[in-house]
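Dear colleague,

My findings follow after it.

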Amino acid sequence: MSVIDSDPPISADIERGDYAVYAAAQNLGIDQSSLGETAKLSNAEIAERRGFEWYRLFLVPGKPEFEGRVVDS
């Protein structure tokens, strides 16, 4: 989803309550534009391009013990 999109491409029905969200991100800031590419790619083609920015979100029931960032160098 882009920051300019008004409708989310996916959604989920979850129970009310406290959750922690963990995000794994890779290749931050790398997209077609930053690579000088102008071709229009399908969603499937974008998904195959592992060199682009991408995320995985993990939703865990309960409040987290602490807040912050984990950096994998």
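Helices (H or I, at least four residues) and strands (E, at least two) are taken here as DSSP runs and are numbered from the N terminus. On that basis, the chain has 1 helix and 2 strands, and their order along the sequence is β-α-β.

This is a predicted model, in which local features need pLDDT of at least 70, side-chain atom pairs count only at pLDDT 80 or more, and totals for chains, interfaces and linings use all residues. Residues are numbered from 1 along each chain as its sequence is written, and side-chain values use heavy atoms, with hydrogens and water left out.

Overall dimensions. The radius of gyration of the chain, taken over C-alpha atoms, is 16 Å. A compact globule of 73 residues would have a value near 11 Å, by the rule of 2.2 Å times the number of residues to the power 0.38. Along the principal axes, the C-alpha atoms fill a box of roughly 45 × 35 × 20 Å.

Surface and contacts. The accessible surface comes to about 7,100 Å² (Shrake-Rupley method, 1.4 Å probe), and carbon and sulfur atoms account for 52% of this surface. Buried residues (under 20% relative accessible area, against over 50% for exposed and in between for partly exposed; 1.4 Å probe, protein chains only) make up 7% of the 73 residues. Of the contacts (heavy atoms within 4.5 Å) between residues at least 6 apart in sequence, 68% join residues at least 24 apart.

The loop between β1 and α1. Two residues of this loop, which runs between β1 (19-26) and α1 (43-48), deserve a remark. Gln32 lies in the loop and counts as buried because its relative accessibility is 16%. Beyond its neighbours within four places in sequence, Gln32 is in contact with Glu37, Ala39, Leu41 and Phe52. Ser34 also belongs to the loop, but it counts as partly exposed because its relative accessibility is 45%. A polar atom of the Ser34 side chain lies 3.4 Å from the backbone oxygen of Gly29. Ser34 is 28 residues from Ser6 in sequence, and their C-alpha atoms are 23 Å apart.

Aromatic rings. Which ring has the charged end of Arg50 over it? It is the ring of Trp54, whose centre is 4.2 Å away; the criterion is that NZ of Lys or CZ of Arg be within 6 Å of the ring centre and within 35 degrees of the ring normal.

With kind regards

Conventions: Polar contact = N/O pair within 3.5 Å; in protein donor to acceptor, adjacent residues only side chain to side chain.
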